[in-house]
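Subject: Structure handover

Hello,

Here is the structure we talked about, with the sequence alongside. My notes on what was found follow below.

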Amino acid sequence: MRKYRSVSFVVGALAFPWAASPLATVAQTAAPPTAIDRAWLAADIATRTATFQLIAGLTGLNGALNYDGFRDGGLTLTVPLGWTVVMHFRNHDGMLPHSAEVIDDVHPLPTQPVTPAFARAETVRLAEGLPSEQMDDIRFVADKGGSYLIFCGVPGHGAAGMWIRLAVAGSLRQPSLAATPASSR
Ligand SMILES: [Cu+2]
């Protein structure tokens with residue numbers, strides 16, 4: 001009897017996955033790659049807001065020309081179409097200034113700041129960058145679908161690999177964060 005009850009409990013849990021809290025579900029989606037910190041992304045389904053920790057020079061990778069320890073498109077933030085995106089930018093690099101903007105998916109990458117792909121999708125001081133440990137918040141509405149880059153506007157940084165990916169897609173219920181498959185970099 002006990003065995004049957006426990007089986008039916010498991011089946012019930014699987015049948016109602018949407019009963020899990022939004023944050024728990026996002027964490028599960030972002031779980032597999034070990035280098036990704038689940039705390040970098042939070043989702044508020046009620047206000048349709050994705051909040052992302054964008055840390056410039058988090059590690060020494062690529063001479064610290066990285067975001068959250070990823071370079072050359074190695075990390076992809078995916079958000080549902082129409083959501084508000086808040087990026088808490090912080091420069092963790094003790095040496096160089098950095099900035100960030102969301103730009104169209106163009107290759108080769110620009111060598112200096114360009115017009116952002118979404119209105120206000122940029123930090124202050126795009127070209128000169130923010131000094132070590134300085135912060136700025138980026139806030140915009142992801143109002144068109146497609147593939148974009150999160151790019152450092154300090155001359156030469158983006159082209160040297162300081163960029164990751166942003167995808168905006170209409171079919172999603174919530175945002176996710178994952179290592180980019182090698183074939184899509
Ligand atoms: Cu930079």
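Predicted model: local features only at pLDDT ≥ 70, side-chain atom pairs only at ≥ 80, totals over all residues.

In which sense do β3 and β9 pair, and over how many bridges? The pairing of β3 with β9 is antiparallel and runs over four bridges.

β3 and β9 belong to an open sheet of five strands, ordered β5-β7-β8-β3-β9, in which the pairing is mixed. The edges are taken by β5 and β9 (176-179); each has a single partner strand, so one side of each has no neighbour in the sheet. On average, neighbouring strands here are turned by 30° against each other, direction ignored.

The chain as a whole

There are two helices and nine strands in the chain. Along the sequence they follow the pattern α-α-β-β-β-β-β-β-β-β-β. Of the 185 residues, 37% are buried. If you take the contacts between residues at least 6 apart in sequence, 69% of them join residues at least 24 apart.

The core

The largest nonpolar core has 40 residues, and those with the most contacts inside it are Leu54, Tyr67, Ala100, Ile150 and Trp163. Two or more residues come from each of β1 (41-44), β2, β3, β4 (84-91), β5, β7 (146-151) and β8 (163-169). In soluble globular proteins, nonpolar side chains tend to be buried together.

Setting aside residues up to four places away in sequence, isoleucine 150 touches Leu54, Tyr67, Ala100, Val102, Trp163, Ile164 and Leu166. Alanine 100 sits in the loop between β4 and β5. Is alanine 100 buried or exposed? Alanine 100 counts as buried, because it has 30 C-beta neighbours inside 10 Å, and 20 or more are needed for that label. Apart from neighbours within four places in sequence, its contacts are Leu54, Ala56, Met87, Phe89, Thr123, Ile138, Ile150 and Cys152. The C-alpha atoms of alanine 100 and glycine 153 are separated by 6.1 Å, although the two residues are 53 apart along the chain.

Backbone points to check

Most residues other than glycine have a negative phi, and most peptide bonds are trans. The following residues depart from that pattern.

- Asparagine 62 is not a glycine but has a positive phi of about 60°. Asparagine 62 lies in the loop between β2 (49-56) and β3 (75-80). It counts as partly exposed because 16 C-beta neighbours lie inside 10 Å.
- Aspartate 68, also not a glycine, has a positive phi of about 55°. The loop between β2 and β3 holds aspartate 68. With 24 C-beta neighbours inside 10 Å, aspartate 68 counts as buried.
- Histidine 107 and proline 108 are joined by a cis peptide bond, with omega about 0°. Proline 108 is in the loop between β5 (101-104) and β6 (135-141).

Regards

Note on methods
Residues numbered from 1 in each chain as written. Buried ≥ 20, exposed ≤ 12 C-beta atoms within 10 Å, placed from the backbone. Pairing = 2+ DSSP bridges. Axes fitted to C-alpha atoms, helices over the stretch in contact; angles between N-to-C directions. Core = buried A, V, L, I, M, F, W, Y, C linked by C-beta atoms within 7 Å. Contact = placed C-beta atoms within 7 Å.
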